[in-house]
Amino acid sequence: MKVLLVFAPYEFMKTVTSNQFPLGLGYLASYIRSKGIEVKIADLRHAKNNDFAKLLTEYQPDIVGISCMTTNQNEAYEIARTAKRILGNSLVILGGVHATFMYEEILKKIKEIDITVIGEGEITLHELCKAWEAGLSADSLAKINGIAYRENGAVAVTPAREKIQIIDDLPIPAFDLVALPDIECYFKNSRDLPVLTSRGCPFKCAFCSTSVMHGQQYRKRDPEKIVDELEFLINRYGAVSFSFVDDTFTVDKERTKKICYEIIRRNLNIKWGCSARVDTLTADMLKIMKKAGCKGLFFGIESLNDNVLKKIKKGFTARKAVKMVKMAMDEGITVDTSFILGLPGDSLDNSRKICDFVKKYKINGRVLTNTLQILPGTDMYLNPEYYGIKYSKNYKSTWSNSISFSEELSFKALLKEKVKIQYANHANHSEDARLYEIPYPAVSYNEAEVPEFIGP
Amino acid sequence: MQIQSEKGYDYPKIASFYEVNIANSTPFDVMVGEEGAISIKLGTDPYEVNLPVLLVKIPVLKKKNNWILEKRWACVFFPEWDTPLYFNKTAREFCLLCNGKNTIQEILKNTVKSNLKYDRKTVVNDAIRFIFLLKKLKLIAIRGGN
């Protein structure tokens with residue numbers, strides 16, 4: 001049997017230029033390959049118009065698995081429709097965060113999706129493959145944990161899938177199984193590859209679905225095995241830099257140090273970046289991380305107002321955040337930060353504080369800002385009254401005004417603050433080529449007709 | 001690029017962090033060059049211009065509520081609230097003159113006056129092309145005249 005795993009494009013954020021290999025699909029692919037199943041990956045962020053249809057026609061997969069987040073759900077549904085139209089009787093499965101929390105709505109609304117996978121997908125997908133090979137039946141589906149499907153016009157849900165406790169047991173993600181695009185596409189700007197060293201996040205930020213998805217279970221890999229993987233990727237793909245794509249790489253300070261020491265001991269001479277929390281780092285750690293090749297840190301700060309931070313259960317203060325950003329920059333590390341505009345208790349003054357912060361400290365990395373979106377599964381989604389928010393479930397393909405702001409915090413007012421922050425950030429980077437000039441159109445006229453009086 | 005040149009002649013510029021598309025029109029062709037630099041080609045021009053006719057026209061800035069005016073730059077959301085387009089100081093001042101009172105001739109005259117140190121032909125040529133860039137982006141309406 002043949003499986004095609006599809007990464008849906010993000011129409012809404014195509015300029016965020018994430019060019020990295022979809023690691024989640026890489027894990028799924030390598031896992032089922034290790035069980036003897038033929039599988040390919042299609043990353044549609046890089047596909048041209050007919051690439052996907054052509055791949056479906058030629059490859060004829062029995063199962064199409066689509067990865068879906070809330071923000072690209074419409075694109076994922078469109079992929080499901082295309083797959084069903086071209087393949088007819090193949091099984092179309094939707095997985096990922098959105099499928100995990102919204103399975104009922106999806107199965108009721110999108111008839112082309114046969115099954116949604118709830119939670120982690122490796123074992124579930126393998127069991128679905130086995131069930132398909134044995135001639136899929138309602139009985140066989142009922143025995144697979146972590147799925148939802150239609151049965152007699154209703155949505156049936158099986159018991160929760162147990163989480164994989166030892167992530168080191170999973171095979172290295174299958175970079176070689178990418179059928180679309182060419183693997184070299186991921187190396188266009190640099191030979192940077194993503195690596196996952198843990199799953200889950202022990203924190204409880206009210207806007208984030210990660211800890212809900214993973215049940216706050218922080219499952220970490222062994223430092224030696226992580227560095228083995230780095231060495232493998234260097235030797236196999238010539239990787240020179242890595243992104244540790246964990247939700248928070250630095251949760252366990254001792255483990256972080258061990259990874260760094262191991263990179264240093266093996267003299268890998270690599271560059272890497274990771275996502276961190278400002279309260280999980282110390283000055284000593286920053287020095288060791290820098291020595292081990294850490295060039296970039298990403299901090300989700302969200303707000304510089306302590307009342308707002310407290311309300312969203314962020315767990316640190318603005319002072320702590322500013323101090324750590326400065327400390328990391330002083331260490332020579334590029335610091336990317338992100339903020340959410342329009343959080344409960346927010347004001348335009350708070351947005352201006354962010355702008356001042358960007359200017360004052362000359363933030364040396366990117367400052368990402370977005371207006372608040374209420375994502376399924378989050379505490380804000382489940383308890384909007386507590387946060388004083390109202391929201392619509394009608395997500396659009398762009399960052400949309402999916403929540404009701406106060407009069408002062410209208411969507412448009414926040415967008416205006418966002419561009420001011422964006423401009424302030426850009427002004428810190430004279431070498432930055434990310435701002436693209438729109439060229440003049442060609443205009444032809446008779447220069448002799450320019451009157452002399454236009455001028456001094 | 002930087003929106004604002006440090007010194008020297010600063011022609012009117014519009015720039016974006018995002019890919020720009022024009023509704024109901026051929027999208028811009030976006031080409032990725034070496035080192036990730038992106039250029040955006042504006043579909044099928046050129047505009048053939050009858051200059052004497054153009055000069056007496058009056059450009060009027062549209063989408064007034066969508067503008068952010070800072071001291072040294074401006075921004076407008078295009079086409080509605082989707083994509084922020086940044087304007088350098090020269091472009092900002094040029095747009096402020098598109099207030100429904102000045103003819104294109106008057107605006108060109110003002111632009112040349114503000115750039116006396118620089119080649120008049122270049123300044124006029126850039127200004128005329130900039131008007132058509134605004135027109136193409138549907139940020140101005142061109143009214144009146146004979």
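This is a predicted model: local features need pLDDT of at least 70, side-chain atom pairs count only at pLDDT 80 or more; totals for chains, interfaces and linings use all residues.
Residues are numbered from 1 along each chain as its sequence is written, and chains are lettered from A and ligands numbered from 1 in the order in which they are written. Helices (H or I, at least four residues) and strands (E, at least two) are DSSP runs, numbered from the N terminus.

Let me start with chain A, which is divided into domain 1, residues 2-157, and domain 2, residues 192-427, with bounds that come from an automatic or database domain assignment. Taken over C-alpha atoms, the centres of these two domains are separated by 28 Å.

Helix α1 of chain A covers residues 23-34, and its twelve residues should span 16 Å at 1.5 Å a residue, which agrees with the 16 Å between its end C-alpha atoms; the expected span here is 1.5 Å times one less than the number of residues. Among the buried residues of α1(A) are A:Gly24, A:Leu25, A:Tyr27 and A:Ile32, where buried requires 20 or more other C-beta atoms within 10 Å of the residue's own, exposed 12 or fewer, and partly exposed lies in between, with C-beta atoms placed from the backbone. What covers these buried residues includes β1, β2, β3 and α5 of chain A.

Three of those covering elements lead us to the sheet. Chain A has an open sheet of eight strands in the order β7-β6-β5-β4-β3-β1-β2-β8, with mixed pairing, two strands being paired if DSSP finds at least two bridges between them. The edge strands are β7 (154-157) and β8 (178-180) of chain A, each of which pairs on one side only. Within the sheet, β1(A) and β3(A) run parallel and are joined by five bridges, and the bridge partner of A:Leu5 in β3(A) is A:Gly65. Helix α4 of chain A, residues 97-109, packs on this sheet, touching β4, β5, β6 and β7 of chain A, and its direction makes about 170° with that of β5(A); contact means C-beta atoms, placed from the backbone, within 7 Å, and the axes are lines fitted to C-alpha atoms, for helices over the stretch in contact, with angles from 0 to 180 degrees between N-to-C directions.

Further along chain A, β14 (residues 294-302) and β15 (residues 334-341) pair in the parallel sense over six bridges, with A:Phe339 in β15(A) as the bridge partner of A:Glu302. On to the next strand, β15(A) pairs with β16(A), residues 367-371, again in the parallel sense, over five bridges, and A:Phe339 stands opposite A:Thr369 in β16(A).

Finally, chain B comes to four helices and nine strands, and buried residues make up 35% of its 146 residues. In the loop between α3 and α4 of chain B lies B:Leu116, which is exposed, with 10 other C-beta atoms within 10 Å. The C-alpha atoms of B:Leu116 and B:Lys62, 54 residues apart along the chain, are separated by 29 Å.

Conventions:
Two residues are in contact if their C-beta atoms, placed from the backbone, lie within 7 Å.
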